[in-house]
Amino acid sequence: MTIVFVHGVPVTAAVWTPLLDELSKVNHDDVVRLSPPGFGAVLPANFGATIDDYRNWLVDELSQFDAPVDLVGHDWGGGHVLAVAMARPDLLRSWVSDTIGGFEPDFIWHPLAQIWQTPGDGERSIEATFAGDADQRAARMVEWGIPEPTAGEVALGQGAEMGNAILALYRSAVQPTLSERGRNLPAAAARPGLVPIPTRDFLVGSVASRHRAAERAGARAVELDGLGHWWMLQDPARAAHMLSEFWNSL
């Protein structure tokens, strides 16, 4: 079986390395990391970087595999995973997403996302976020909760191209865009799903809303008490155990 990992904003596939190191001790399936355009992969000139563009990109990528995959997404990667789970479950054996709360009717974007969604303010914020050299950007990522050495690896892939993709993506998802798409969340129940719920992650809706969304999607919810948005970096061994237990149950 092939396991596919998709990351989010504003990072690269380096965020998966500690978790994959742990998984390699207990899991021998093929592992693939897919980098969304602009986030560690080239952003084509004709790529709009909207929600639909990333869903279509991921569908195209998964269509190249010989068999359905186990798909795992974090942050916006989790959003892309759910978009595929709702539209093309035939491409999946199972799915994992930690951002399902964004599809609940009461979801409100966090303050930084709202800045990125605001013309002018968003451009200034992105410029400040990616300013300086790689060491300065790495220090900024550490402040955001990404530990070294991952922060340094992520910083190498950051720049104007990623900034443009961030602005386009967030501006394509101004509410009620996500909540309206969330009406189709029950379609994701066509394949087994897992929703990690790090209890200290305050960017993706309340713990209660994530449980509600998981139930609507027919998914198993697992609370990761004390962990935050970068749960796979904070406790990769615990994350690997959670994922392995889920896959072994299928």
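I looked up which element gives the most to the lining of the second largest pocket, and H3 does, with 5 residues. A pocket here is an open set of points on a 1 Å grid over the protein atoms alone, where a 1.4 Å probe fits, with protein on both sides within 12 Å along at least five of seven lines; lining residues have an atom within 4 Å of a point. Helices are DSSP runs (H or I, at least four residues), numbered from the N terminus.

I noted that this is a predicted model, with local features needing pLDDT of at least 70, side-chain atom pairs pLDDT 80 or more, and totals for linings using all residues. Residues are numbered from 1 along each chain, and side-chain values use heavy atoms without hydrogens or water.

The second largest pocket holds about 150 Å³, as space filled by probe spheres set on the points. Its lining includes Trp76, Gly79, Ala83, Met86 and Ala87. H2, H3 and H9 (177-181) each give two or more residues to this lining.

Next I checked H2 (residues 51-62) against H3 (residues 76-87): their axes, lines fitted to C-alpha atoms over the stretch in contact, come within 9 Å and cross at roughly 70 degrees. The two are therefore roughly perpendicular (65 to 115 degrees). Contact (heavy atoms within 4.5 Å) involves, among others, Ile51 and Arg55 of H2 and Trp76, Ala83 and Ala87 of H3.

Last, I looked up the largest pocket, about 330 Å³ in volume. Its lining has 21 residues, with Asp75, His110, Tyr170, Leu203 and His229 nearest the centre. H4 gives the most here, with 3 residues.

Terms used. Axes fitted to C-alpha atoms, helices over the stretch in contact; angles between N-to-C directions. Parallel < 35°, antiparallel > 145°, perpendicular 65-115°, else oblique.
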